[in-house]
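Subject: Structure for your files

Hello,

Here is the structure I said I would pass on. My notes follow below it.

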Amino acid sequence: MVVAFQETVEAYRTSTDTEGDHDVLETLEGLILNHIPQSIAEIVSMLAVIIPSVELGGRGDGADVAALEHIQAYLKRLE
């Protein structure tokens, strides 16, 4: 469901962390990080979420690391 993933990414990009949106942002971020990429474009979108998380020290639940593993698996299939 590439369309659903892109919609999730767009919703994440346009959301703000104000007035109760934190739970929405967490949900959207979780959906993005748990996604198995199907294209380079999806990887780029995932990295846009992962990099800021890693810069802040990473997520306590390890979802950012799992997302990087999904990306690595996709890239290995390209070999």
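Predicted model: local features only at pLDDT ≥ 70, side-chain atom pairs only at ≥ 80, totals over all residues.

Core. The largest nonpolar core has twelve residues: Phe5, Val9, Ile32, Leu33, Ile43, Met46, Val49, Ile50, Ala63, Ala67, Ile71 and Tyr74. Four helices, α1 (2-14), α2, α3 and α4 (63-77), each contribute at least two residues to this core.

Met46 is one of the core residues. Leaving out residues up to four places away in sequence, Met46 touches Phe5, Ile32, Leu33, His35, Pro37, Ala67 and Ile71.

Ser45. This residue lies in helix α3. Is Ser45 buried or exposed? Its relative accessibility is 5%, and because the cut-off for buried is under 20%, Ser45 counts as buried. Apart from neighbours within four places in sequence, Ser45 is in contact with Phe5, Gln6, Val9 and Arg13.

Pocket. The largest pocket holds about 190 Å³ of space. Twelve residues line this pocket, and those nearest its centre are Tyr12, Glu26, Glu29, Ser53 and Leu56. Both α2 (22-33) and α3 (40-55) supply at least two residues of the lining. Sorted by class, the lining comprises six nonpolar, four charged and two polar residues.

Regards

Conventions. Residues numbered from 1 in each chain as written. Heavy atoms only, no water. 1 Å grid on protein atoms, 1.4 Å probe; cavity = no way out; pocket = protein on both sides within 12 Å on 5 of 7 lines; lining within 4 Å. Points joined across faces, edges and corners; volume = space filled by probe spheres on them. Nonpolar A, V, L, I, M, F, W, Y, C, P; charged D, E, K, R; others polar. Core = buried A, V, L, I, M, F, W, Y, C linked by side-chain atoms within 4.5 Å. Buried < 20%, exposed > 50% of the residue type's maximum accessible area, 1.4 Å probe, protein only. Contact = heavy atoms within 4.5 Å.
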